[in-house]
Amino acid sequence: MLPPTIPTSFVPHPAGAAPRQSRINLAGVFGFFSYGVLGVALALALGVFFYGRILASSQASRDAALAAAETSIDPATVENFVRLHDRLDSGTALLASHPAFSNFFALLETLMPVTVRFTSMHLSFNDAGGVKLEGTGVAKSFNALAAASAAFAADGRIKDAIFSNIVVSSKDSSVSFALTAALDPKLVAFALGASVQNMPVQGMFETSSTTTPLP
Amino acid sequence: MMNERIIPLVAFMIGLGIFFSYVQPTWSGTIAETKVAIVAADHALAAASAYVSQQNTLASAQNAIEPANLERLGNFLPDSVDNVGLILDLTALASRSGLSLSNIDVSANAVANSAASLAPGALPAARSNPGGSIDLSLSAVGTYTALQTFLAGVEKSQRILDIRDIVVRGSDTGGYNYQMKLRLFWLR
């Protein structure tokens, strides 16, 4: 039986071995973490640098392609297209509202009795875009004027026809009158289909010999 | 012992310095801006591609129109007012119709839309109302048949002319006195 004071080994134990081991591990962990942070930062820096180079190269190639596309655009061609578009667009709108008063005169010839005639007539557009008729005339008799009024009412395209200032002559029983009316917009609308076919290529206007009566 | 603690600390600080002085500013600065520029360039390239496609479509459509019809379209709505040339044509039409024109004048109520000025390098764009118009007043004497012929000629004129106002008065000579207001148009 060995006495308790005799050491079991001749190799000396380092003093405070257990506490020192824990301090070394903390430093190692911190060192590992620090080098890790540095490594990650360096890797990110390299990645950002090369990614930036790649993006810059990509942008440069796009800019070059864009410049080439821009130089391929001819402003004169664009102007040509825009003017053609404007011309077609405006032309369509103008044709849609193009008036043809000859339609009205043709209708008037058929509606008015031969015993009624106008001495003056004024056709004009009002502010709302409608056509207003104002006129004065003479009828051979009151019955003739009544027939004209009835014809206007029956046709319906010369609207709100109001005969006023009706004066019967004591000499020959003729009747003078004034007339105000509104015209149906369809009555003075230009018939597009027929006119385009008849539109002349040479010269601004049709000659009288080639004039085709409107329907 | 000190080196074992200082060197990792320096490495840590350098790592943080690299991140905050280069990585983060570059990522949120230059690279972000470049990405935005690339996206914008992609959109512009897509628009350019669409333009080329549209240009080809429009060129095909324009080529499908006969040159004679394009010329007629140009006469229909000309690029300039040219009211003097129009007055000559109206005089010739009146002469052919048997109508005697006595007075032709340009009315003051010209409706001319201001042409929008383009910035340098900017491409022209379609306008909402690109036309201009002026009124032309004229007086004439002639028979009713002559008026009918004249009206038909004006209504079917290759250059569009709107009769805005017409006054007919009888005369003792058997003919009629006419006053008309014609509106002529052009493309600005």
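These legends accompany several close-up views of a predicted model.

Residues are numbered from 1 along each chain as its sequence is written, while chains are lettered from A and ligands numbered from 1 in the order in which they are written. Local features need a pLDDT of at least 70, side-chain atom pairs count only at pLDDT 80 or more, and totals for chains, interfaces and linings use all residues; side-chain values use heavy atoms, with hydrogens and water left out.

View 1. The mean pLDDT (the predictor's confidence in each residue, from 0 to 100) is 81 for chain A, and 78% of the residues score at least 70. Strand 4 (residues 175-183) of chain A has the highest confidence, at 94, and helix 5 (residues 192-198) of chain A the lowest, at a mean of 47. Over residues 194-215 of chain A the pLDDT is below 50, and this stretch has 46 contacts in the model beyond near neighbours in sequence (a contact is heavy atoms within 4.5 Å). Where pLDDT is low, predicted coordinates should not be read in detail.

View 2. Of the 11 residues in helix 3 (residues 101-111) of chain A, eight are buried, among them A:Phe101, A:Phe104 and A:Leu108. Here buried means under 20% relative accessible area, exposed over 50% and partly exposed in between, with a 1.4 Å probe and protein chains only. The largest nonpolar core has 52 residues, and A:Phe104, A:Phe105 and A:Ile158 have the most contacts inside it. Helix 3 of chain A gives the most to this core, with six residues. A core is a set of buried Ala, Val, Leu, Ile, Met, Phe, Trp, Tyr and Cys residues joined through side-chain atoms within 4.5 Å. Leaving out residues up to four places away in sequence, A:Phe105 touches A:Met121 and A:Leu123, as well as B:Tyr144, B:Leu147, B:Leu151, B:Ile166 and B:Val168.

**View 3. Salt bridges between the chains.** Over all chains there are five salt bridges (a side-chain nitrogen of Lys or Arg within 4 Å of a carboxyl oxygen of Asp or Glu). One of them joins B:Asp42 to A:Arg62, with the closest N and O atoms 2.4 Å apart; this pair crosses from helix 1 of chain B to helix 1 of chain A. B:Asp42 is partly exposed at 32% relative accessibility, and A:Arg62 is partly exposed at 23%. B:Asp79 and A:Arg87 also meet in a salt bridge (2.4 Å, N to O), and this pair runs from the loop between helix 2 (67-76) and helix 3 (83-97) of chain B to helix 2 (residues 75-96) of chain A. A:Arg87 is buried at 9%, whereas B:Asp79 is partly exposed at 48%. A:Arg83, A:Arg87 and B:Asp79 are linked in a network of salt bridges.

View 4. A:Phe30, A:Phe33, B:Leu9, B:Met13, B:Leu16 and B:Phe20 make a nonpolar surface patch of about 580 Å². Patch residues have over 30% relative accessible area and no salt bridge; like charges are joined within 9 Å, nonpolar side chains (Val, Leu, Ile, Met, Phe, Trp, Tyr) within 5 Å. Accessible areas come from the Shrake-Rupley method with a 1.4 Å probe, and for residues only the protein chains shown count as cover. Helix 1 of chain B gives the most to the patch, with four residues. B:Phe20 lies in that helix and is exposed, with a relative accessible area of 55%.

How values were computed
Helix = DSSP H or I, 4+ residues; strand = E, 2+ residues; numbered from the N terminus.
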